[in-house]
Amino acid sequence: MAQENTPLVGIIMGSDSDFEIMKEAVYVLDEFGIASEISVISAHRTPQDLEKYAVTARTRGLKIIIAGAGGAAHLPGVTAAMTVLPVIGVPIFSKKLNGQDSLYSIVQMPAGIPVATVGIDNARNAALLALQILALSDSAIMTAMEEFRIKLADASRQKTGKIRD
Ligand code: RP5
């Protein structure tokens, strides 16, 4: 699949300390040839920057936003409040509460403003979900996703085979 110049997926995170986890999303999108842009923006430390980012996201060509944050993880929800683009939240593991604070902050959105929430630190799944959404209007991505699932199943069967040996 040809890499497009205009990023389709915006990847944001509350701190550069989230990058070790969030880079997985970049790698997955790269594997599928989907351009993404990555930024550190905080709902608490740089709220004005977040507003500008979210309000302009759609007109800049983004289709989906993946937002990772830990602790009082308001970034995905506040972003979702300011754009109608789908927002996928990645709860980042936190030292104090093992990421449960992040998870609950992201998943418990009020009715009307959804955030699709993946598991703690599961930036990879966030990227795969983003690809599945993009695939609805792009047959090349859909084919790539179907091939990916076939490979995943084959790998799983091979592991099962090893257990039987
Ligand atoms: C959140 O606070 C960030 O998303 C990060 O997960 C957490 C800790 O940030 P730092 O103190 O490492 O910058 O806003």
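Trainee: In what order do the five strands form the open sheet, and is the pairing parallel or antiparallel?

Mentor: Strands of a sheet pair through backbone hydrogen bonds, and the pairing can be either parallel or antiparallel. In this predicted model, five strands make up an open sheet whose order is β2-β1-β3-β4-β5, and the pairing is parallel. At the edges stand β2 (36-40) and β5 (116-117), each of which pairs on one side only.

Trainee: How many bridges join β3 to β4, and how many join β1 to β3?

Mentor: Strand β3 (residues 64-70) is joined to strand β4 (residues 87-92) by six bridges, the two strands running parallel, and I66 stands opposite I88 in β4. Between β1 and β3, which also run parallel, there are five bridges, and the partner of I12 in β3 is A67.

Trainee: Which way do the residues of β3 point, and are they buried or exposed?

Mentor: In a regular strand the side chains alternate between the two faces of the sheet. Here I64, I66, G68 and G70 point one way from β3, whereas I65, A67 and A69 point the other way, and all are buried.

Trainee: Why are the buried residues of α2 said to lie on the same side of the helix?

Mentor: One begins with the buried residues of α2, namely L50, Y53 and A54. Because they cover an arc of only 90° around the axis, they are placed on the same side of α2. On the other side of this helix, Q48, V55 and T56 are exposed, whereas the buried residues of α2 pack against β1, β2 and α3.

Trainee: Which residues touch the most other members of the largest nonpolar core, and which element gives the most to this core?

Mentor: The largest nonpolar core has 42 residues, of which A25, I66, V90, A126, A127 and A130 touch the most other members. Several elements each supply at least two residues of this core, including β1, α1, β3 and β4, as well as α2 (47-56), α4 (100-107) and α5 (123-135). The element that gives the most is α5, with seven residues.

Trainee: Why does A25 count as buried, and which residues does A25 touch beyond four places away in sequence?

Mentor: A25 lies in helix α1, and A25 counts as buried because 28 C-beta neighbours are found inside 10 Å, the cut-off being 20 or more. Leaving aside residues up to four places away in sequence, A25 touches I11, I66, A123, R124, A126 and A127.

Terms used. Residues are numbered from 1 along each chain as its sequence is written. This is a predicted model: local features need pLDDT of at least 70, side-chain atom pairs count only at pLDDT 80 or more; totals for chains, interfaces and linings use all residues. Two strands pair if DSSP finds at least two bridges between them. Helices (H or I, at least four residues) and strands (E, at least two) are DSSP runs, numbered from the N terminus. A residue is buried if 20 or more other C-beta atoms lie within 10 Å of its own, exposed if 12 or fewer, and partly exposed in between; C-beta atoms are placed from the backbone. A nonpolar core is a set of buried Ala, Val, Leu, Ile, Met, Phe, Trp, Tyr and Cys residues joined through C-beta atoms within 7 Å. The arc is that of the directions from the helix axis to the C-beta atoms. Two residues are in contact if their C-beta atoms, placed from the backbone, lie within 7 Å.
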